[in-house]
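Here are my notes on this model, point by point.

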Amino acid sequence: MHHRSRIVAAGLFLAAGGALAVVGFFADALTLDLAHAAAVGFLGLVILALGVLMLRRGLAERPRQERPAAAAPQPLPYYTRNCPFCGRRLGLKEEKCPVCRRKMPSGITCSAGDADAAAAAAAFAAAREAALAEGSTSYVWRAVRDDATCERCANNDGHIFHWEQEPIGGHAGARARCRCRPEPVFKEGETGAPSASAPQPID
């Protein structure tokens, strides 16, 4: 029986049981003898009990709306980047470093890591494939926290990102000079590195 039909039937049972119970309690007004009044009252109580049980079951069978999962905390936006040549902190819109006078390359916010963008991208891709193969769908951003850490990496540090969804500014360690690394998440609250045979991301 559908939960709605069960609830409707429970309402009918409760109404009928209540009516019979009232008849039993007010037998004197309806010229019923004691035996008939007791029988009617008892029958009303039984029907009331059945109605209550049916109502509880119908309510329990209703589909429950799942609460939306708590969203992962979002990293703070960033407004600066490091000059990859001299390390000076600059605004995102500055196209030339006022200290070393060199033009800022696009897509770089860090200053202290490896300048080989292809190697960084390949290392991240290898780490992602290894983690996906072991059932991971996301990773924790791990940054190197020192004076050379850019604002973007510092803000992303400790936050969870999906392997297949690139965050603003790129994945951890996937761009030139980024020393961050992705730490795979395999289960709720459980992180760890891929197996020893899997390629490891560069720092």
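1. Which residue forms a salt bridge with E166? The partner is R175, with the closest N and O atoms 3.7 Å apart. A salt bridge here is a side-chain nitrogen of Lys or Arg within 4 Å of a carboxyl oxygen of Asp or Glu. R175 counts as partly exposed, at 29% relative accessibility. Buried means under 20% relative accessible area, exposed over 50%, partly exposed in between (1.4 Å probe, protein chains only).

2. Ground rules. This is a predicted model: local features need pLDDT of at least 70, side-chain atom pairs count only at pLDDT 80 or more, and totals for chains, interfaces and linings use all residues. Residues are numbered from 1 along each chain as its sequence is written, and side-chain values use heavy atoms, with hydrogens and water left out.

3. Salt-bridge count. The rule gives five salt bridges. D146 and R179 make one of them, at 2.7 Å from N to O. This pair links distant parts of the chain, 33 residues apart. D146 sits in the loop between β3 and α4 (151-156), R179 in the loop between β4 (160-162) and β5. Helices (H or I, at least four residues) and strands (E, at least two) are DSSP runs, numbered from the N terminus. R179 is buried, at 17% relative accessible area. D146 is partly exposed, at 37%.

4. A charged network. Salt bridges link R142, R181 and E183 in a network. Between E183 and R181 the N to O distance is 4.0 Å. E183 counts as buried, at 14% relative accessibility. R181 is partly exposed, at 36% relative accessible area.

5. Helix α3. It runs over residues 117-133, 17 residues in total. From its first C-alpha to its last it reaches 24 Å, close to the 24 Å expected at 1.5 Å a residue. That expected span is 1.5 Å times one less than the number of residues.

6. Buried side of α3. A120, A123, F124, A127, A130 and A131 are buried. They lie on the same side of α3 because they cover an arc of only 130° around the axis. The arc is taken from the directions from the helix axis to the C-beta atoms. The buried residues pack against β3 (138-142) and β5 (181-187), contact meaning heavy atoms within 4.5 Å. The face turned away carries the exposed residues A118 and A133.

7. Ends of α3. At the start, a side-chain oxygen of D116 comes within 3.2 Å of the backbone nitrogen of A118. Just after the helix, G135 adopts a positive phi of about 95°.

Notes. A polar contact is a pair of N or O atoms within 3.5 Å; within protein, one must be able to donate a hydrogen and the other to accept it, and residues adjacent in sequence count only if both atoms are side-chain atoms.
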